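Q: Please take a close look at one loop in this structure. Which contacts does it make, and what else stands out around the chain?

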Amino acid sequence: VQLQASGGGLVQAGGSLRLSCAASGRTLSGHVVGWFRQAPGKEREFVGGIGRQFGSGGTTAYADSVKGRFTVSRDKAQKSVYLQMNSLKPEDTAVYYCAAKYTRSPTTGVATTAPPYDAWGQGTLVTVSS
């Protein structure tokens, strides 16, 4: 599967953005999808992710730094995954990447490290001004 992240931009602190991760080549059905970010001079870090199931059966996981502010969801057609970011802070400034990993097991949890994801989008820049 090929991934393309979009939706980044410049926003003031306290504002909101929604990032999209669109799949091509195949759908995201059966894939665990994670969002990561990398700020200048820092290592890539996990932000949030969603299990392979659509709807209430889908598990989600978030980094402590974004809990309560960010929400990951997927569309019913399983073609896109979204990262809704609210109450943005200057420290959220980074390039955001989406990543996916196919799994046959419906109970596979959301990985919070870059491996085992094997498909990555190109990144979209989010800049939060103070």
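**A proline and its surroundings**

A: P106 touches R52 and Q53, leaving aside residues up to four places away in sequence. This is a predicted model. P106 and Q53 are 53 residues apart along the chain. In space, their C-alpha atoms are 6.9 Å apart. P106 sits in the loop between β9 (94-102) and β10 (119-120). P106 counts as partly exposed because its relative accessibility is 45%, between the 20% and 50% cut-offs.

The peptide bond from P115 to P116 is cis, with omega near 20 degrees. Most peptide bonds are trans.

Two other loops hold backbone angles to look at. Most residues other than glycine have a negative phi. Q78 is not a glycine, yet its phi is positive, about 60 degrees. Q78 lies in the loop between β7 and β8 (80-85). Q78 is buried, because its relative accessible area of 12% is under 20%. S87 also has a positive phi, near 50 degrees. S87 lies in the loop between β8 and β9. S87 is partly exposed, at 41% relative accessibility.

Now for a sheet. Four strands form an open sheet in the order β1-β3-β8-β7, with antiparallel pairing. β1 (2-6) and β7 (70-74) stand at the edges. Each has a single partner strand, so one side of each is left without a neighbour in the sheet. The twist averages 15 degrees from one strand to the next. β1 pairs with β3 (residues 17-24) over five bridges, in the antiparallel sense. S6 stands opposite S20 in β3.

Terms used. Residues are numbered from 1 along each chain as its sequence is written. This is a predicted model: local features need pLDDT of at least 70, side-chain atom pairs count only at pLDDT 80 or more; totals for chains, interfaces and linings use all residues. Side-chain values use heavy atoms; hydrogens and water are left out. Buried means under 20% relative accessible area, exposed over 50%, partly exposed in between (1.4 Å probe, protein chains only). Contact means heavy atoms within 4.5 Å. Two strands pair if DSSP finds at least two bridges between them. Axes are lines fitted to C-alpha atoms, for helices over the stretch in contact, and angles run from 0 to 180 degrees between N-to-C directions.
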